[in-house]
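Hi,

Here is the structure I promised to pass on. Have a look at it first, and then read my notes below.

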Amino acid sequence: MSFAGSAAVEAAALGGDQHDAEPGLHLVDLGAKAGPASERSFLSAARGALRVLVPVGLLAAWQTVSGLGRVEPAALPTPLTVAEAFGELIGTGELQAAIPASLHRALTGLVLGASTGLVLGLFAGLWRIGEQLFDAPLQMLRTIPFIATIPLFIIWFGIGEAAKVALIYAATIFPVYLNTYAGVRGVDPKLIEAAKVFGLKPRQISLRVILPTALPSILVGIRFSAGIALLALVAAEQINARSGIGYILNNANQNQRTDVIIAGIIVYALLGIVIDLVMRWVERLALPWRASLVFA
Amino acid sequence: MSLHDLSGVRAAGAAPADLSPWSEEGRRFGPVTARLRGVRRIFAGRAVLDGVDLEVRKGEFVALLGPTGTGKTTLLRILAGLDRADEGDVGVAAARSVVFQEPRLVPALRVWRNVVIGHRRSAASRKLAAAALDEVGLVRHADAWPRTLSGGEAQRVALARALVQEPALLLLDEPFAALDALTRIRMHGLVQQLLRRHSPGVVLVTHDIDEALSLSNRVVVLNGGRVRLNAPVDMPRPRARTDRAFENLRQRLLAKLDVAADEPPI
């Protein structure tokens with residue numbers, strides 16, 4: 001569409017040149033987009049509709065294929081059946097009991113893990129001795145996929161709550177550590193030098209210059225860790241969960257309730273979205289100086 | 001005025017008598033706020049500063065000129081306490097502040113907090129910041145975030161931050177170099193006006209001969225690690241480039257800076 005418009009303008013420009021004595025340069029059209037505003041708003045509305053229509057279409061296709069009995073219902077129940085499973089879970093109160101239990105696990109592990117990562121990251125970022133003590137071991141541990149350590153955690157902490165929280169804790173340390181360390185080290189040395197000139201003591205430099213400037217990076221680390229906490233939660237709840245979403249999934253697995261399993265997976269996905277939204281909101285509150293840049 | 005000893009090597013015995021070639025000027029200006037004697041600074045076997053003597057008095061504006069890589073900025077950093085001399089004596093006033101080439105404002109702190117960053121946080125600091133911002137015409141931006149400011153505005157905030165310290169020695173490290181020509185002219189005016197009020201000793205590092213000649217009381221040319229010229233600039237203000245004395249001094253400076261002289265003035 002815009003290509004056609006620009007081609008028309010270029011043609012007109014070249015046509016104009018023929019009347020002049022000397023040939024002009026070939027001008028590339030970088031002007032306002034061709035086409036009237038109403039046409040453009042129609043286009044953007046159509047694009048918006050497409051974003052909604054594709055998922056809706058996929059759902060409809062799923063409903064049709066499963067509903068016609070082309071797929072074994074035990075393998076893939078229809079979306080409506082999954083919705084009914086949701087209703088069932090809410091009706092019996094299972095979901096209302098499961099979400100707080102799962103969230104409690106995830107948040108406990110996340111708060112402990114993120115705090116540890118923050119303290120270690122600040123220590124390694126601000127003091128050379130901290131870097132020498134912690135950086136190498138943490139960089140090594142970081143490369144271990146935490147899911148591989150589940151058998152170890154079961155041996156160490158059993159199959160109760162402790163093992164689950166410990167796994168989430170261990171998994172969430174690293175993103176916060178890495179981003180805090182990088183954020184602190186990434187503060188412009190020129191800012192620190194200026195602060196020195198203006199008589200700030202090392203402690204004041206840390207609090208007034210380094211920490212606020214490193215905060216965006218630290219918050220990115222916490223956001224990553226929140227995502228990882230959810231992942232670790234899912235993995236941890238595979239271990240003999242007696243409450244939470246993992247418990248619903250385990251039960252459904254034993255009872256061959258595919259619809260409930262899918263409902264549980266959707267709950268995990270929704271938790272992920274909610275965590276991300278909350279973190280973005282926290283970032284906006286904590287970093288007004290960045291917001292002013294983006295929304296100016 | 002008591003000077004802080006920032007020497008690389010302890011001074012042997014008492015401070016030498018005032019050897020300033022501008023002692024009659026010294027009577028006009030205040031006490032010494034910076035004194036360098038035989039300062040050497042060696043980087044990778046090369047003496048960037050090779051025995052520099054310099055004295056700056058309160059109220060005096062010294063412009064430091066020199067080709068790139070001749071240690072102007074090193075000299076300024078030594079005066080600021082950000083670098084150490086390898087040899088020689090360095091004494092500077094305790095109350096000193098710097099305006100760098102970049103504003104160097106903390107992006108996460110509001111403008112007024114940046115201005116009083118060196119001060120103890122108290123109920124009065126907001127007022128202090130507002131007064132300093134008023135002097136540079138930015139009091140309306142006290143609550144703004146540094147990133148929303150233009151380059152010239154940010155540099156004015158840096159100037160307010162330097163002056164709020166009430167420095168006896170103000171060090172300017174090419175503070176106007178990154179500004180556009182019009183903003184630079186305005187900044188020159190603003191700085192002159194502010195210095196009349198605060199009158200610290202000023203050392204300005206610059207590449208711009210015209211800037212040096214229109215702002216300073218004295219120009220010092222540094223070349224090959226040594227002071228090659230130390231000349232008073234006593235033309236009346238406002239100074240015009242077309243002034244004969246201005247042009248003569250300009251030619252002398254160009255010669256000391258290894259630049260072939262321009263065409264002589266008509």
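This is a predicted model: local features need pLDDT of at least 70, side-chain atom pairs count only at pLDDT 80 or more; totals for chains, interfaces and linings use all residues.

Let's start at one residue in chain A. If you set aside its neighbours within four places in sequence, Gly113(A) is in contact with Ile168(A), Tyr169(A), Ala171(A), Thr172(A), Ile173(A) and Ser225(A). You'll find Gly113(A) in helix α4 (residues 94-126) of chain A.

Chain A has a mean pLDDT of 86, with 89% of its residues at 70 or more. Within chain A, helix α7 (residues 161-185) has the highest confidence, at a mean of 95, and helix α1 (residues 2-17) the lowest, at 48. Residues 1-8 of chain A stay under 50, and the model gives them seven contacts beyond four places in sequence. Residues 12-17 of chain A are below 50 too, with three contacts beyond near neighbours in sequence.

For chain B the average pLDDT is 84, and 88% of the residues score at least 70. Among its elements, helix α3 (residues 111-115) of chain B has the highest mean pLDDT, 94, while helix α1 (residues 23-28) of chain B has the lowest, 46. The pLDDT is below 50 over residues 9-27 of chain B, a stretch with 11 contacts beyond near neighbours in sequence.

Now for chain A as a whole. What is its secondary structure made of? It comes to 12 helices and zero strands. Of its 296 residues, 28% count as buried. Take the contacts in chain A between residues at least 6 apart in sequence: 72% of them join residues at least 24 apart.

Helix α2 (residues 37-67) of chain A is worth a look. With 31 residues at 1.5 Å each, it should span 45 Å, and its end C-alpha atoms are 44 Å apart, which agrees. Why do I say that α2(A) lies largely in the open? Because the number of its 31 residues that are buried is one. After α2(A) comes Gly69(A), which has a positive phi, near 80°.

Gln256(A) has 9 other C-beta atoms within 10 Å, and 12 or fewer means exposed, so that is how Gln256(A) counts. Gln256(A) and Val267(A) are 11 residues apart in sequence, and 18 Å separate their C-alpha atoms.

On to chain B, and strand β8 (residues 201-205) of chain B in particular. Five of its five residues are buried, so β8(B) is largely enclosed by the rest of the structure. Side chains in a regular strand alternate between the two faces of the sheet. In β8(B) both faces are covered: Gly201(B), Val203(B) and Val205(B) are buried on one side, and Val202(B) and Leu204(B) on the other.

Which strands pair with β8(B)? One is strand β4 (residues 61-65) of chain B, parallel to β8(B) over four bridges; there, Ala63(B) stands opposite Leu204(B). Another is strand β7 (residues 169-173) of chain B, also parallel, joined to β8(B) by five bridges. Asp173(B) has Val205(B) as its bridge partner in β8(B). From β7(B) the chain crosses to β8(B) through helix α6 (residues 181-198) of chain B, and this β-α-β crossover is right-handed.

Last, the nonpolar cores. In soluble globular proteins, nonpolar side chains tend to be buried together. The largest core here has 112 residues, and the ones that touch the most other members are Ile168(A), Leu64(B), Val115(B) and Val203(B). Beyond its neighbours within four places in sequence, Ile168(A) has contacts that include Arg105(A), Ala106(A), Gly109(A), Leu110(A) and Gly113(A), along with Ala229(A) and Ala232(A). There is also a second, separate core of 10 residues, with Ala85(A), Leu89(A), Ile245(A) and Ile261(A) among them.

Cheers

Technical notes: Residues are numbered from 1 along each chain as its sequence is written. Chains are lettered from A and ligands numbered from 1 in the order in which they are written. pLDDT is the predictor's confidence in each residue, from 0 to 100. Helices (H or I, at least four residues) and strands (E, at least two) are DSSP runs, numbered from the N terminus. Two residues are in contact if their C-beta atoms, placed from the backbone, lie within 7 Å. The expected span of a helix is 1.5 Å times one less than its number of residues. A residue is buried if 20 or more other C-beta atoms lie within 10 Å of its own, exposed if 12 or fewer, and partly exposed in between; C-beta atoms are placed from the backbone. Two strands pair if DSSP finds at least two bridges between them. A crossover is right-handed if, with the strands pointing away from the viewer, the path from the first strand over the helix to the second runs clockwise. A nonpolar core is a set of buried Ala, Val, Leu, Ile, Met, Phe, Trp, Tyr and Cys residues joined through C-beta atoms within 7 Å.
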